[in-house]
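Open the model in your viewer and keep the selection panel at hand. The stops below go from a pair of helices to a sheet.

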Amino acid sequence: MTTHNYFSSCVAQYDPQSLPVSAAQAIVRQWVCPVTAVERVPLHDALDRVLAADVVSPINVPAHDNSAMDGYAFNGTALDTQQTTVELHIAGKALAGHPFGRAIAAGECVRVMTGALMPEGCDTVVPQELATRDGDILRFATDALKSGANRRLAGEDLAQGRPALREGRVLRASDLGLLASLGIGEVSVRRRLRVAFFSTGDELRSLGEPLEPGCVYDSNRHTLFAMLRRMNIDALDLGVVRDQPAALEAALRSAAANADVVLTSGGVSVGEADFTQQMLRTFGDVAFWSLAMRPGRPLAFGRVWSGERPGAGQPALFFGLPGNPVAVMVTFYQIVRPALLLMSGATLHEPAVFSATSAQPIRKRAGRTEFQRGMAVRNAGGQWQVTPTGSQSSGVLSSMSDANCFIVLAHEQADIDAGDTVDIMLFDGLV
Ligand code: AMP
Ligand code: MG
């Protein structure tokens with residue numbers, strides 16, 4: 001065994017003619033390593049980047065006990081009385097950013113606004129709507145609240161010395177706010193993953209070119225661009241490559257020289273013009289799979305190199321996606337996306353899958369996982385109900401555009417009747 005076909009031999013234990021989706025996902029995950037380079041970026045550039053190290057809270061948030069309500073702060077021992085009404089003397093006030101300044105004496109309370117520092121000696125706040133005020137005398141029912149009510153404790157949001165955000169986190173809007181609340185204006189993130197992609201096919205025309213008979217516009221490059229952009233990946237568009245071995249080899253080598261991952265679409269099945277197979281077998285370390293999946297049956301996965309022979313020059317992970325536009329999107333989301341997230345250093349989360357009732361019968365053959373495109377809506381009874389969006393042919397991209405979810409029909413599942421429960425995976429944040 002030479003080193004360059006190590007990959008192909010490692011996956012030989014599976015039947016490449018009918019590889020279950022879960023097995024393909026597991027093999028891919030086994031093969032990816034996260035990028036190691038780290039950079040410091042200012043907070044606003046950190047959105048959608050992957051945190052390279054835990055962020056430990058340097059302070060308590062909030063820094064001090066403070067009031068959660070507009071009302072009156074007092075010592076909760078005042079509630080330990082047989083009287084039905086508590087009566088306190090209003091000694092002054094504290095606003096957010098303007099503390100009261102001294103400890104309260106017995107029988108006193110302080111007018112406080114939300115966020116105001118709890119005056120010394122106070123641990124409870126009576127909301128203003130539960131109290132009556134008569135000059136500087138405050139009265140409220142003893143049973144209106146419990147001692148300690150309506151007080152936010154120092155460190156209850158984030159405790160000093162504890163991890164506030166974990167390594168591998170893909171930073172979201174709330175995280176940027178959270179970091180700012182800690183006084184942190186710069187974070188360490190992994191470098192962005194670089195992905196090169198191109199389309200293959202003599203029939204493909206790029207935007208702006210005339211469409212001769214038998215030709216189609218290349219749409220895959222644009223969905224790939226958009227899906228990569230959504231993941232904040234540095235995407236390198238290498239255009240359309242003709243179905244010629246020499247052109248493919250040149251494109252793959254240049255892609256490997258310039259990116260961590262190479263994605264192609266088309267040419268991975270066994271048609272006469274499908275040179276990707278033939279070429280990659282000699283030039284890369286690539287396994288060809290027929291996934292037990294619809295759409296997205298043919299898929300190639302492995303490594304390619306920038307040098308003149310396998311193992312020479314820069315390596316890159318390689319995904320050869322099918323040509324059909326819906327198959328490209330489905331294989332991207334099910335197989336490629338988790339791999340790219342792991343390579344970016346992100347912690348993977350299980351995709352959120354919900355149950356819905358099928359509004360109509362769905363034909364399904366057992367023995368493959370299907371990802372139909374559906375529109376899920378809540379019916380009058382509050383139940384989620386899903387309907388497939390028209391033709392489920394893998395070339396019909398409008399079935400993706402019209403959908404808001406995948407209807408995930410499991411490997412063993414057979415035909416579905418109207419009213420049966422099915423799994424759905426919402427597109428939100430995905431497509
Ligand atoms: P292939 O796997 O190369 O045989 O392609 C399968 C089908 O997908 C053919 O009908 C192609 O014309 C179509 N196809 C391949 N690549 C693209 C692309 N980049 N954009 C749109 N359709 C494509
Ligand atoms: Mg083709």
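**Stop one: a helix pair**

Select helices α4 and α7: they run roughly parallel to each other, because an angle under 35 degrees counts as roughly parallel. Keep in mind that this is a predicted model. Helix α4 covers residues 220-230 and helix α7 covers residues 325-343; their axes cross at roughly 30 degrees and come within 11 Å. The crossing of α4 past α7 is right-handed.

Next, show side chains at the contact. On α4, pick N220, T223, L224, M227 and L228. On α7, pick P325, V328, M329, F332, Y333 and L340. How many residues of the contact of α4 with α7 are nonpolar, polar and charged? Nine are nonpolar and two are polar, while no charged residue takes part.

**Stop two: the sheet**

Moving across, the order is β8-β5-β7-β6-β10-β9, and the pairing is mixed. Color the two edge strands, β8 (124-127) and β9 (131-134); each of these pairs on one side only.

**Stop three: one strand pair**

Within that sheet, zoom in on strand β5 (residues 71-74) and strand β7 (residues 108-112). Are they paired in the parallel or the antiparallel sense? β5 and β7 pair in the antiparallel sense, over three bridges.

Technical notes
Residues are numbered from 1 along each chain as its sequence is written. Chains are lettered from A and ligands numbered from 1 in the order in which they are written. This is a predicted model: local features need pLDDT of at least 70, side-chain atom pairs count only at pLDDT 80 or more; totals for chains, interfaces and linings use all residues. Side-chain values use heavy atoms; hydrogens and water are left out. Axes are lines fitted to C-alpha atoms, for helices over the stretch in contact, and angles run from 0 to 180 degrees between N-to-C directions. Helices (H or I, at least four residues) and strands (E, at least two) are DSSP runs, numbered from the N terminus. Angles under 35 degrees count as roughly parallel, over 145 as roughly antiparallel, 65 to 115 as roughly perpendicular and the rest as oblique. A crossing is left-handed if the near helix is turned anticlockwise from the far one by less than a right angle, and right-handed if clockwise. Contact means heavy atoms within 4.5 Å. Ala, Val, Leu, Ile, Met, Phe, Trp, Tyr, Cys and Pro count as nonpolar, Asp, Glu, Lys and Arg as charged, and the others, Gly among them, as polar. Two strands pair if DSSP finds at least two bridges between them.
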